[in-house]
Amino acid sequence: MDKLLRDKKAIILFVAPALVLFTAILFVPIGTSFYYALCDYDKKTMTYNFIGLGNFVRLSKDPDMAIALKNSLFFLVFSCVSQLIFGLLFAALLTNINKGRNLFKNVIYLPCVLSSAALGLLWAFLFHAKVGINNVLGAMGLPQPAWLYSTAGFITLPMWVIAFVALWQYVGQSMMLYMAQISGISKSLYEASYIDGASKVQAFRYITLPLVKPMIGTAMSLNAIGSLKFFDLIYSMLGDKTENLKMDVLATYLYRTGFSSKGGNHYGRASAIGVILVVLCLLATAIINKLFKSENYEM
Amino acid sequence: MEKNKKPVKASTVLIYVFFCLMMVLYLAPLAWIALTSVKDRAEIYKSPFGWPTEFHWENYVIAWTKGKLGIAMLNSLIVCVVTLILTLIIGSMAAFAIARMKWKLSGAAMIYILIGMMIPVHCVLIPLFVRFAGWHLNNNLIGLILPYLTFSLPTCVFIMSGFFRSIPNELLESACMDGCSIYQIFFSICFPLARTGLFVTGLMTFIGNWNELLLALVFMSDGNKKTLPVALTKFVTPYQTNYHFMFPAIVIAIIPTIIVYCLFSNQIVDGLTTGAVKG
């Protein structure tokens, strides 16, 4: 038996495909990406000229990059905070009822499995300048805001709209994680607290919240990485407008710099944006883990 | 017999009211899109929220042919099914070796694979695009299958290794006594035993890749190689938006996932949660 499980040939045969794929499609390209970020790509000769930190210097002076970074950080903060509040609220309320819990849970989770591209088109129509929601607002004699066109303000209105659509779509994910954690808390803890005269709100504050804390870290880092990667919704809701209306996030700006017909093929600069994105992801995860690091209680 | 009926509390009623409102918020847009998809162009602009006066089913036919949705759906299906099968085979082989077989570097291999969960696809986009263009893999479905496969593997290995660890040792030992080779142990005993895990991982892989947009957008510029999400975004151009074709297209694109979700929602929800928590 032991000899069988130590069979070198079999181990290599089993693990090799996965490891080879990982190295070839993930780790080698990451290395290449870091190298490209230090190069200037010449479209005509298709060569990469080493220019050191030139791309990063250029990006730091680029007003479009500043907007993309601002919007991405806005999405990061908004999604972390809003998903924490609503995800936890939904989870806490749902664990309090028995009938219909599964139905509610499954419906709220539904948009998570649907294509963001499709849902983005749907919401883009609902927030259209003349039809959709504005049609109803107009009929009631209310002002019709230019939901997806407005460029006023530090964080423009379209960003808020998309942030709320993203919250609508993905809050199910956080809710599920918190629910899994809350249903693992022993009932006797709550019963003991009720005997001691605690109210439901107090029980939530002093039992649920501390015991859910480790999951907050996990869920929030997932949100943070997800919101930094944010591409599908923005692209399908705003399309090519991101360019004209200054509504880029890092992912769309990377796509535009690298592949858009107008932006040209600045592979070097786009790779630099990719590197910044990865660094932000790691940084956000590290900060969140530090903030919510706590010992696991026995439950 | 006395029936012990609890009084219904006001807070419980409030919770139900709240979640019923949420149901409307979540289901109304989907119901609305189905209704709007059978309106003609004038009616969409005139009364976007009304009940359709006439059911224009031909919208679907036009969207299907004009938007090349048929070929797009076929591409999506090919890519997702091939990725699914390869992920399950390669992923569970690696998971088995890591979870059950005895070798020094198994822990390191697991960490190596799990790092893949943290890395955003954007970061490898450009090197992969350049490399694949050199190998003539862009505008080729294989060029999409390879990265999808790689990015689906970490979750698969993570979930499957949990399943393989739960298989009792006695089972493997008795198989060994009966003269099974390690390959037979894996393919005829462990692989079939872990089918719950395979099912969950398979669903998640399929759904994730079915919805993927960025890679498909970059790699598939040829009209006949587009996947469904890419084909959808092409309905909106800076110059015109044909809403009466766009809505049927959206319905066509999300119906398969809705059906799959309705059939297996409990497994999907559980699977996505365990997959996301990663230990």
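Mentor: Two residues are in contact if their C-beta atoms, placed from the backbone, lie within 7 Å. By that rule, residues 24 or more positions apart account for 69% of the contacts in chain A with a separation of 6 or more.

Trainee: Good to know! How are the residues and chains labelled?

Mentor: Residues are numbered from 1 along each chain as its sequence is written, while chains are lettered from A and ligands numbered from 1 in the order in which they are written. This is a predicted model, where local features need pLDDT of at least 70, side-chain atom pairs count only at pLDDT 80 or more, and totals for chains, interfaces and linings use all residues.

Trainee: What does the model score for ipTM and pTM?

Mentor: The ipTM is 0.84 and the pTM is 0.86. For chain B, the average pLDDT (the predictor's confidence in each residue, from 0 to 100) is 84, with 92% of the residues at 70 or above.

Trainee: Which element of chain B has the lowest mean pLDDT, and which the highest?

Mentor: The lowest is helix α2 (residues 41-46) of chain B, at 76, and the highest is helix α4 (residues 69-100) of chain B, at 92.

Trainee: Switching topic: how many helices and strands does chain A have?

Mentor: Chain A has 14 helices and two strands. Helices (H or I, at least four residues) and strands (E, at least two) are DSSP runs, numbered from the N terminus.

Trainee: How do strands β1 and β2 of chain A pair?

Mentor: Strand β1 (residues 39-42) of chain A pairs with strand β2 (residues 47-50) of chain A in the antiparallel sense, over four bridges. Pairing here requires that DSSP finds at least two bridges between the strands. Tyr41(A) has Tyr48(A) in β2(A) as its bridge partner. Four residues lie between the strands of this hairpin, and Met46(A) takes a positive phi near 55° there.

Trainee: And what about chain B, how many helices and strands there?

Mentor: Chain B has 13 helices and zero strands. Its radius of gyration is 24 Å, well over the 19 Å that the globule rule gives for 279 residues, so chain B is more spread out than a compact globule. That radius is taken over C-alpha atoms, and the globule rule is 2.2 Å times the number of residues to the power 0.38.

Trainee: What share of chain B is buried?

Mentor: Of its 279 residues, 44% count as buried. A residue is buried if 20 or more other C-beta atoms lie within 10 Å of its own, exposed if 12 or fewer, and partly exposed in between, with C-beta atoms placed from the backbone. In α10(B), 13 of the 17 residues are buried, so that helix is largely enclosed by the rest of the structure.

Trainee: Where is His136(B), and is it buried or exposed?

Mentor: His136(B) sits in the loop between α6 (122-134) and α7 (141-165) of chain B. His136(B) counts as exposed because it has 10 C-beta neighbours inside 10 Å. Its phi is positive, near 55°. Asn139(B) is in the loop between α6 and α7 of chain B too, and has a positive phi of about 60°.

Trainee: Last one: how many residues are in contact between the chains?

Mentor: 71 residues of chain A are in contact with 72 residues of chain B. Helix α2 (residues 8-36) of chain A gives the most to chain A's side, with 16 residues.
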